[in-house]
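Keep the viewer open as you read.

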Amino acid sequence: MSVLFMGIASSCNDAIDIVQDGELGNEVTFQTVADLQQYLVGGVYPNVSTTSEIGFTTVFTDEVGIGPNNGGQGIDLHRFNLNASTGDASSLWLSHYRLINRVNRLLQGAALVTPVVDVANSIDETAEYNDIMAQGRALRAYAYIQLVSYFSTDMADDSALGVMLVDIVPAIDQKFPRVSNGEIYALVEEDLAYARANVLKQTPAAGYKFVTKSMVDALTARMYIYRKNYPMAKQFAQSVVTDAGITLSAPNVYKQMWADGIGGEIIFAISRPISGTWGNVASTWYFNNTNATGGAFFDMGRNLYNLYATGDSRKTTFVDPTKMEDANYLTSSTYITTDVLPIDKYPGKGNQPLRNDLKVIRLSEMHMILAECAAKDGDLNGVAGYIKNIRDARYTSVQPLPAYSDVTAAWADIMLERRKEFAFEGFRYIDIKRLGTLANQSIDRNITDDLIKTLPTTISNTDYRFTLPIPQDEISASGSIIVQNPNY
Amino acid sequence: MRSKFKWIFTLLLACSMQFSFAQEKNVSGTITENGLPLPGVSVIIKGTTKGTQTDMNGKYSIGASKGEALVFSYIGFVTQTITVGSSNTINLVMVEGGTELDVVEIVSTGYDRTRTKAETSSAITTISSKTLENRPNASFLNSLQGTAPGLTILSASGQPGSAKIDMFIRGISSINAATEPLIVIDGVPTNGNQFRNLNQNDFETVSVLRDAAATSIYGNRGANGVLVITTKRAKYGSALDITYDVVTGFNKLPENNYNMSNAKQLLTIEQRKNTGMGAGMTDAQIAAYNGPDTNWRDEFFRIGMTQQHNLGLSFGGANTSNYTSFGYFNQEGMVPTTDFQRFTIRNNFNGKSANDKFNYSSQVALGYSKRNQLSQETNSAVNNNTIQNPLLGSVAGLPYVAPNQFANGAELIAAIGTDFSGPNDTYVLEDILKGSMPNEYSETSILANVAVSYKLSDSFTLGNKSGVDFKLSDRAFARAPGNYLALAVAAGAGEEFGGLEVLSSTKDFTFTNILSLNYSKLFNDAHRIEAGAYMEYMKSHYIFSSRQQNGLNPKTWTLGSGTGYIAPDVVNNSYIPSVGAQEINAGTLSYFGTVDYDYKQRYGVSGVVRRDASYRFVDDNKWGTFWSVSGRWNIDQEAFMENTGVDMLKLRASYGTQGNQNVIAPAYGTNPLFPGSALVRDTNVTTNGYDNIQGLATGQVANTDLIWEEVSQANIGLDFRVAKGRLEGNIDLYRKQTEELYTTIRRSAAVGFYGQDGNNGKLRNSGVELMLRYKLVDTNDFDLSVFANGSYNEGKVVDIDIADQSGEDLLTVPGQLTYEWNMIPYLGVNQSNGNLLFLDAAGNVTENPDPTQDRRRTGKSLIPKYQGGFGLNASYKGFYSDVLFAWAKEVWKLDISHFWAYQLDFIGDDNISADLLNSWTAANPSGLPSLDATNQNFSMDSDRFLNDASFLRLRSVSFGYSFPKKYLDNTFMTGVKLFVQGENLLLWSKWRGFDPEMFTAGTQSTYPNPRTISVGASVSF
C-alpha cells in the first residue's frame, strides 16, 4: 500500500508544476540582432500613437462641434470640464510612458546581444544594431517631447517642472518623481544626437513610416521651437527643407496623401494598415463612416469651417462632400442635424472606413517653424514668405504675399495658418498654449458648436487648463512623490 | 511531501496504540411495522456515521459495542434509540406518526464525512429535495435563494439557462478574486460555476457550509464557503419505485417603473424641448395626433412557455441499489429569439460485498442542452446599445413610429442608410430580433465519479474516489447576410457580400482523485476517535478554438453548415477568415488530515490541517497551509438539562483558515481555475507587428510575489430544538477576515500600465445569522409550520494600499464599507434656472461640481447588509402549500437606465420618461430639472440615481393536492400529486427598473428574472 501512495505522490507534481504551452520567457527573447529588429517592430513601433492627442485637442479646443449622432460622447470635455480623472489625460500620459518603457526594454535587450562581426564572410551587423537603437531612441525622444508639451506648465522654461525621467526598465513597483524640463531635454537631445548619427534611412523616400534622419531633424526642430530656442529650431528646420528631398504637396497630391495613397510631404507617419488590428483614428468623431450619415458624434467646428476660403483645397480635403450646410445655422433650432460638416481629413481606406495612417510630421510644419523664427526676428516679410509657400501649395493658383501691420498680426497669421493646416492633427491645444499670448488668440468656437448656444465658447489662453493634469491613475500609484499641476 | 504523509500515518498509529480496544460484536434483528417487515429503515450507531439499512425482509446486521446506542429511523415513523446491551439481537416495531424532524438528520461535512446533526460542530444548513423539486428554474441556484442564512443568490439575467448568477456566502470576501463558493457534487469538488446541465430534481440535499470548521477541509478552495450537493440514491432492499413529474409554465417579463411616455406625452416633451417630431407642433396638433402609438415592449417580448418532464426509477437489492432518472426541460425566453432546452440522464449505483467490507458506488450524470441567447448575455458592451439590446430598445423606442415597416435588412438600409438617429436604431433592433443574428449554444456534459472503499479492519477504511467533470460547449453565431448590420458593414467597406459567422468550441475537462484512509474507534464506551488522512489530486484542461468567416452568400448560407462562404479576396483585404485557439492546463495537489474526538456525545473537538499546492504560484508561495479547530458542547446531554423540555441544545465554536487560489474572478459560467495561468512569469509574445511585419512584443509582466488570498474565520453558534421539536433553529456569530486580498496594485505609468493584479489589502466581514422554524399546528390532518432565516453582514475594508480614490464611484478605502458609493450629493433643482444643484466638498451649493474632488462617502454599499427568506409549509388532508419569500435590505445601485429615461440629450432621439412632463419651468417650479438644464451630465457623478435596491420578493409559492393512498389502492399508482406553482410573482421594491437583483454596480438594461406560473403533476408507481 505504501508503494501505491509513494507512486502516486511522486507522479502528482505534474498538476502543480505547469508552464503553459507556447510561453516565451525573457531569456530566449533577445538573442540576435534579428530578435531586436523583431522587438522594434513588434514591441516598440506599435506603441507610437497620436490618437490621444488628436482626440483630446479636437474636442477641447475649437476644431469640432457636436455632431448629429452625439449621445453624450465627449460632452464633458467639450464643455471644458478637465480634471485629473479626464480619460484623455490619463491615456496620453500612459501611451507615451508605455512607449518609453518599450524602448527601454529594447535597449536593455540590446545590451544582451553582441552584433555578429565576421570579417571572413563580410558580415557586420554593427550598423544594423546601432540603427535599431537609433530608431528606438528617436521614438523615446518623441514621447518625451509630447509629454513635456502637454504636462509641463511651460515647456520653454528648462527649470519648470517637467515629467518623470525614466531611462531604465523599472522594477515593477518603482516610482519616479517629476524632474525639471532641462533634465528631460538633456535625455531628448542625447537620444536625438545618437539617432542622427546612427539611423540608416536618410529621407522620407527611404520609408516615411519609420524613423529617418529627416524625421530626427524635424523632431529636433520641433523640440527647439517649443523651447523657444529659435536659432537651433531654424537650423534644423532649414536642414530638413533642404535635405528631405520632398516638396510641399500640391492640392491633388495633398488629398491623396491624406487617404494614404502617396507619401507627399509627409516626413513621418505612423502606419495603420488596412488589415490587422490597428486603431481607427476617425472613431474619435464617428461611429461608422466618415460622412454625414456615418454616425458623427462630432463634426467640424463652424468657425474653423468658415476659415477655409473657396479654392482652398483644404476645404474639400478636410470636409466630406456629404456635408449639409444650413445658411441659417446661427438662428436655426435644428442646426445640430441640418448643419453637418463631416470631418474627412482621415477618409479611411479600403474596407476600413475609419482608419488612416497618423501623420506626425509634415514638411509644412518646417515652413511654419521657419515662419515663427522670422517673426521672432521681426522679419515680417520673412513670415509672409513662409506662409505664402504653404498657401500656394494649398490652392491651385498663386496666392498674394500677406502683409502685416505689426508683429502681433504676423503671429496671428501664423496661428491662423497653423489652425487651418494642422486641424485634427493634435496641434491646436499646444499652439494656443505657446503662441496664444503672442498672437492674442485663444479657443474660438462658434455658439453652434454645442447643443446649447449659451455656453461659453472660449477660455483664456493663460487658463490653467492649458496644462494637462497629472492623471489620477498616476497619482494613485505614485502618491506624494509626484506633484500635481497648479489648480487641479 | 511524502515524508509529511508518512508522518500523518505514524501519528494515527500512535493514537491507536495508546488506547485499549473496546469489544465490538455483531448486533442483528428484524424491524417490522404492523407485523410486516419494514425495509429501508436506517440504523445508525449514535454519534457516528456508521450505519446500515434493513433489507427486503426488514433484517439488519451491524457491528457495535456494548453501551453504544442504535438509532432506528424511517420517514413517517417515530425514531427510536436503543442501547446495545448483552444481547446480540435487537428487534423493533416501528410506529407511525413521526415527522421528518425526528429522523436523525445526516449532515454532510465534506469528503463523504457525515455527522448526525447533533454532532456537527460547524455552521451548516441543509436544504432538502422538497425545496428544489419541480421548480421551473434551469439552474438549481435560483431555487436556493432565500433558503439558507448567509447565502446570497442574485441572478443577473433571466435568459433561459443563464450562467449569470452571483452567489456568495457571508458577504464578499474578495475584490478581484473569485467570490463564488466551491460546489461539491457527490464528494467531488467541481470547478464549475454554471450548472445549467444539472437536473435539480436529482438532488437529495444541498448543504451550505459557512464557517471554518466546515470549510477548512476544502483548504485551497473553501474560502468563499462551500455548497455540498448529494444526489439521490436508492436504498438497499427497497422495492422498485417509479416517479414521473410533469410541469408546464409560462414566463412573463416583469414591468419597469420608469413611466415611459406614450406618443402624445413624448410629442409634448419634444415640443417643449423643440426637437424631434414634436418640434414646432402646436398643442392642438398634438391633441389631434392619431398616428402610431407603439409599445415596443409588446413588439419585442412574448410570454414564454416552460415544460419539464422527469422520470425517476429506484430500487435496491440486498447488495446493490440503483437510481436512474431522465429529465427534459424546455424554456422559451421572453425575447422571442431566446430559449433553452435540456436533456439529462443520471444513474447512481451502489454496491457492496455481502460482508459489508467492500463498498462501491458510481454517480454518472449526462447532460445535453441547447440554447439561443441574446449576444447581450455575454457581451456587456451592448448593454447600452439600443440597436442590439431589446431590454433597452423596448424602453428607448419612440412610441410615435409604427413597427414592422421594413420587411428585411435590405429594405431598412435602403431607407435609413447608416443613420441610427431618431427611430432608426429601433428599426435595426427589430431587424435583429427577426432572428438575423442567431447565437446558438450547445453544451454536452459528463459529471461522473466512481468511489470504492474497503474496511481494512473494524477501525480502518481505505477509500478512493475518482471524478470526471467534462463540458463541451459549442457556439454558432452569425450576422446573417441579409441582416441590416451585415449590409451596413458591407456597404461601408465597399463589399458585395456582408455577414459573418463564428463557430467556436470549448472543452473544459477536470479530473479529480481523492485517496483516503479513515479510522474510527470507540474506547471505554465513552471516547470516540475518528481520523482521516487524504490526498487530493486535480488536473484541469481547457481547450478553445474558434473560426470566423467574413462574407456570406445569402443564397446558400445557413447557420453552421459551412455553405455560402465567400472566398478570401486578399487584394482588397475582403472576406478574410480568422481563426483562434487557446489551451490552458491547471492543477492542484493537496494533503490533509482530520481528527475528531467525541466524549459520550456530550463534548466534541475537531481539527483539520491541509497542505495545498497550486499551479498558479511559484517558489515559496506555491504551498499553503490551512487549518481549523472546532468544538461543541451538547448541553442537552447534561444531567441538569433533564426534564427541561429541551430536545437539543448545542453550543459550537470554531476558528480556522482557508485559501483562495482563484485570484481572478472568472467570467460567468467559466472555470475559475483557468484565468491568470501565467501571472507569475514574464512572458513575451510573437505578434503581428508594426506595418503588419511579424515581430516580438512584451506580453505579461510578472508578479512573482503573488500568493494565496487567505481567509480566517471565527464562528460561535447555538443550535436548539425545544418544545417537543416544535421550535428549532440556530444562531451564528462570525467574523471573517481576508488577508493578502487580491486586488489591483496601482503601478506608475513608467512600467507601462496603471494597474497590476496582486495581493494588496485586507477585508473583514462580520455578521449574525439566524434561522428559525416553528410548528404552529401539528395534528393528524393539519400541519402548519413557519420558518424564517436572516442574516446581517457588514463588509469592511481593513487595509488597502490605494493612495487616492476621490474620482471613483465605488470606494475600497480602509475603515469603510466594501464597495461604498462615493458620490456628489444631489440637492435638487435650482428654482431660478432649472439647472441641477449639487453640494461641493466645501459644503457650498453649486451647479458645477468637480467630479473628482466633490465626491464624498455615502455610507451606502453595493452589497446587501441584511438579507434572508421566510415562508410557510402547510398541509391539510392531502392539500399542501409552500410559500417562500426572499429579501435583501440596505443595498444601493446606480440606476443607469433611470438616468437614460431622464436624459435630456436623448429627447427627440429616444423615448423618455413621462415624468419629464413635470420638468421645471419658470411657471412650473418643480423638483425635476428643466428640459434645458445644462449640467445634467453631472447626474452620474452624483447620488441622483443612486437608488435603493432593497427588495422583498415572493420567490416561490406552490399549492397542491396529494391524493390519499386509499383512493389509489385499486390503481397501478402509489401516489398522485397535482400542484400549481409561481416564481417571482410579486416584488416590492423602490427600484424603478426591471429587476433590483443583479449584482452589478451600475445596472443597465439586463435581462430580468421572469415571472413564472406553472402547473404540474407528480405520479409514483
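What follows is a short tour in running text.

First, the ground rules: this is a predicted model, so local features need pLDDT of at least 70 and side-chain atom pairs count only at pLDDT 80 or more, while totals for chains, interfaces and linings use all residues. Residues are numbered from 1 along each chain as its sequence is written, chains are lettered from A and ligands numbered from 1 in the order in which they are written, and side-chain values use heavy atoms, with hydrogens and water left out.

Start where the two chains meet. On the chain A side, 84 residues are in contact with 79 residues of chain B, contact meaning heavy atoms within 4.5 Å. Together the chains bury about 6800 Å², and 56% of that is on carbon and sulfur atoms; buried area here is the accessible area (1.4 Å probe) that two parts lose on being put together, summed over both. There are also 28 residue pairs in polar contact between chain A and chain B, both residues at pLDDT 80 or more. A polar contact is a pair of N or O atoms within 3.5 Å; within protein, one must be able to donate a hydrogen and the other to accept it, and residues adjacent in sequence count only if both atoms are side-chain atoms. Which element gives the largest share of the side of chain A that touches chain B? That is H5(A), with eight residues.

Now for the charges. Side chains of opposite charge can pair when their charged atoms come close. A salt bridge is taken as a side-chain nitrogen of Lys or Arg within 4 Å of a carboxyl oxygen of Asp or Glu, and the whole structure has 73 of them over all chains. Three lie between chain A and chain B; B:Arg681 forms a salt bridge with A:Glu23, with the closest N and O atoms 2.6 Å apart.

Within chain A, A:Lys388 and A:Asp392 meet in a salt bridge at 2.7 Å, N to O. They are separated by about one helical turn because they sit four residues apart in helix H15 (residues 380–394) of chain A. Helices (H or I, at least four residues) and strands (E, at least two) are DSSP runs, numbered from the N terminus. A:Lys388 has 18% relative accessibility, so it counts as buried, while A:Asp392, at 23%, counts as partly exposed. Buried means under 20% relative accessible area, exposed over 50%, and partly exposed in between (1.4 Å probe, protein chains only).

Over in chain B, B:Glu820 and B:Arg857 form a salt bridge, the closest N and O atoms being 3.1 Å apart. This pair links distant parts of the chain, 37 residues apart: B:Glu820 is in strand E40 (residues 820–823) and B:Arg857 in strand E44 (residues 856–861) of chain B. B:Glu820 counts as buried at 0% relative accessibility, whereas B:Arg857 is partly exposed at 49%.

Finish on the surface of chain B, where a nonpolar patch has about 830 Å² of accessible area together, with B:Tyr603, B:Trp633 and B:Leu651 among its residues. Patches are made of residues with over 30% relative accessible area and no salt bridge, with like charges joined within 9 Å and nonpolar side chains (Val, Leu, Ile, Met, Phe, Trp, Tyr) within 5 Å. The largest share of the patch, three residues, comes from E37(B). B:Leu651 is in strand E30 (residues 646–660) of chain B and counts as partly exposed at 35% relative accessibility.

Terms used. Accessible areas come from the Shrake-Rupley method with a 1.4 Å probe; for residues, only the protein chains shown count as cover.
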